[in-house]
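Open your viewer and get the selection tool ready. We will go through this model stop by stop, with a short note on what to pick each time.

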Amino acid sequence: RTSALPHPPRRLPFLGDVVGVHASTPVQDSIALSRELGPIFERVVLGRRYVLVSGADLAGELCDEDRFVKHISPAIEGLRSIGGDGLFTAHSYEPNWHKAHDLLRPAFAQSAMRSYHQIMVDVASDLVAHWRAHSTVDVSSDMTKLTLDTIGRTGFSYSFDSFTRDTPHPFVDAMVGVLSHNQRREIIPIPWLANIVFRKADRTNAENQRYLAEVLDDIVRTRRDSASPAATGTSDLLDIMLDAARDSTNPNALSEINIRHQILTFLIAGHETTSGALSFALYYLAQNPHILDAARAEVDEVWGSDTPTFEKVPKLRLVRRILDETLRLWPTAPAFAREAREDTVIGGFHEMKKGDWAFVLIPGLHRDPVWGEDPEKFDPDRFLSAAVRARPGHVYKPWGTGERACIGRQFAIHEAVLVIGTILQQFEFSADPSYRLQIEERLTLMPKNFELSVSVRK
Ligand code: HEM
């Protein structure tokens with residue numbers, strides 16, 4: 001019923017397009033396929049069809065809110081066992097999505113970042129103290145410690161104390177376990193077969209989920225037992241949700257179970273992708289000494305040796321462009337799915353019935369010819385205002401699109417610019433010249449085995 005789309009050349013009976021499919025690298029495999037097969041292609045695996053779009057014009061159509069809506073893809077569906085109808089995993093038609101969105105949006109407006117700034121500074125200084133005591137650091141691990149502590153303390157006044165531990169808080173392992181499990185399980189869409197293949201992994205997954213629930217209990221219990229107001233001095237996310245729940249006149253009051261889903265959603269969505277973004281940014285800085293020097297000069301000029309005030313963070317314009325360019329090459333939440341509201345046709349040739357869906361493969365979109373001759377080149381000047389204005393809309397989508405776009409975008413930007421600025425201000429750093437970027441996929445993207453040599457700036 002739909003037009004034939006390009007697909008990988010070796011399609012096997014029953015199994016489908018499994019040649020060249022690796023459970024651990026679906027995104028990187030798809031980027032390679034998009035180079036071969038063009039702006040839209042399909043992959044059929046064990047009877048389940050995936051349509052992947054990376055062309056700018058087609059992605060632009062999928063971002064049309066009148067014709068398309070967020071689709072809960074199979075892997076995100078799998079996460080509903082822990083996220084339920086929380087903001088990220090909810091269908092747009094579920095009442096709790098609207099309630100939570102309206103209730104929590106003010107807490108993520110640009111102006112609200114002021115109340116999180118001091119905690120972000122405090123956690124960045126924990127990182128500085130940690131790096132001062134080491135000459136070689138595991139970047140992704142340390143960025144994960146930093147971002148987990150930041151969302152824990154700003155959102156829930158809960159400290160994971162990551163920097164006083166030798167290894168990341170067990171929450172991280174349990175979470176990565178659940179995310180990776182869902183990525184792998186998605187490959188087998190036949191329930192009885194998946195139940196056999198993943199029997200042992202399902203048990204481990206259930207244990208991980210139980211552990212995450214224990215952390216949740218501890219967060220809620222800690223709040224109930226604490227007489228003091230939230231650590232931000234103003235309301236944190238948990239206060240906002242608990243206050244609304246106590247107010248019988250509030251139309252956006254959430255149930256206790258839904259509040260638990262939101263806490264877990266924010267703990268996961270609020271740190272994993274920012275951690276990857278910071279790690280990739282440090283990788284590109286280490287690879288591009290002239291950009292690193294220019295960014296450091298900017299920090300020295302704008303911040304000097306002072307701890308930055310809230311206002312001074314967005315003044316690091318080059319650091320911001322470095323973040324934007326990092327998320328162009330490696331958008332750490334690498335795909336989002338869009339579903340047709342009614343029967344429609346995209347690109348003038350690909351028919352979609354109501355309910356049919358397609359992935360926007362964001363790293364593919366960010367390498368569309370609209371980005372120029374050499375899309376692999378790391379060049380923050382692509383985000384100078386004139387260059388941005390010269391490009392069509394909908395070609396840069398690291399934050400997703402429309403009403404379901406990332407609610408935490410300003411939070412992530414403030415945190416990431418603050419942390420990159422702090423590292424540039426405090427440290428010299430370099431990577432082993434023989435390191436080649438390896439990327440771990442666990443629904444999100446993260447540099448693997450990436451270390452930096454660090455020393456305090458003279
Ligand atoms: C949604 C990316 C940081 C919370 C999304 C989506 C993307 C994204 C692409 C849309 C997903 C979809 O359509 O299926 C990112 C990136 C980040 C980041 C690249 C960091 C560099 C954060 C932070 C928070 C957060 C810091 C919270 C503090 C959320 C939530 C949603 C979301 C709750 C669901 C929103 C809704 O559907 O209403 N994010 N995110 N994210 N993000 Fe982020």
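Does Gln438 count as buried or exposed? Select it and look around: Gln438 counts as exposed, because it has 12 C-beta neighbours inside 10 Å. The scale here is that 20 or more other C-beta atoms within 10 Å make a residue buried, 12 or fewer make it exposed, and anything in between is partly exposed, with C-beta atoms placed from the backbone.

Before moving on, a word on the model. This is a predicted model, in which local features need pLDDT of at least 70 and side-chain atom pairs count only at pLDDT 80 or more, while totals for chains, interfaces and linings use all residues. Residues are numbered from 1 along each chain as its sequence is written.

**Stop 1: around Gln438**

Gln438 sits in the loop between β9 and β10 (439–442). Helices (H or I, at least four residues) and strands (E, at least two) are DSSP runs, numbered from the N terminus. Not counting residues up to four places away in sequence, Gln438 touches Lys448 and Asn449; contact is taken as C-beta atoms, placed from the backbone, within 7 Å.

**Stop 2**

Two strands pair if DSSP finds at least two bridges between them. Zoom in on β9 and β12 (residues 451–456), joined by 5 bridges, and find Phe427 opposite Val456 in β12.

**Stop 2: the mixed sheet**

Next, show the open sheet of 5 strands, β1-β2-β8-β5-β3, where the pairing is mixed. Its edge strands are β1 and β3 (68–70), each pairing on one side only. β3 runs antiparallel to β5 (residues 335–340), with 3 bridges joining them, and Phe68 has Ala340 in β5 as its bridge partner. Helix α1 (residues 26–37) lies across β1, β2 (48–53) and β8 (357–361), at about 125° to β1.

In β1 (residues 40–45), pick Val45. Val45 counts as partly exposed because it has 17 C-beta neighbours inside 10 Å. Leaving aside neighbours within four places in sequence, its contacts include Gly16, Asp17 and Ile187.

**Stop 3: helix α3**

Select α3 (residues 74–83) and colour its buried residues Gly78, Leu79, Ile82 and Gly83. They lie on the same side of α3, because they cover an arc of only 145° around the axis, the arc being that of the directions from the helix axis to the C-beta atoms. Their cover includes α7 (170–185), α9 (199–225) and α11. Gly84 follows α3 with a positive phi, near 50°.

**Stop 4: the ligand**

Finally, select the ligand and the 27 residues that surround it; the closest are Gly270, Phe336, Gly400, Cys406 and Gly408. A residue is near a molecule if its C-beta atom, placed from the backbone, lies within 6 Å of it. Elements giving two or more residues to this shell are α11 (256–269), α12 (272–287) and α17 (409–426).

Technical notes: Contact = placed C-beta atoms within 7 Å. Axes fitted to C-alpha atoms, helices over the stretch in contact; angles between N-to-C directions.
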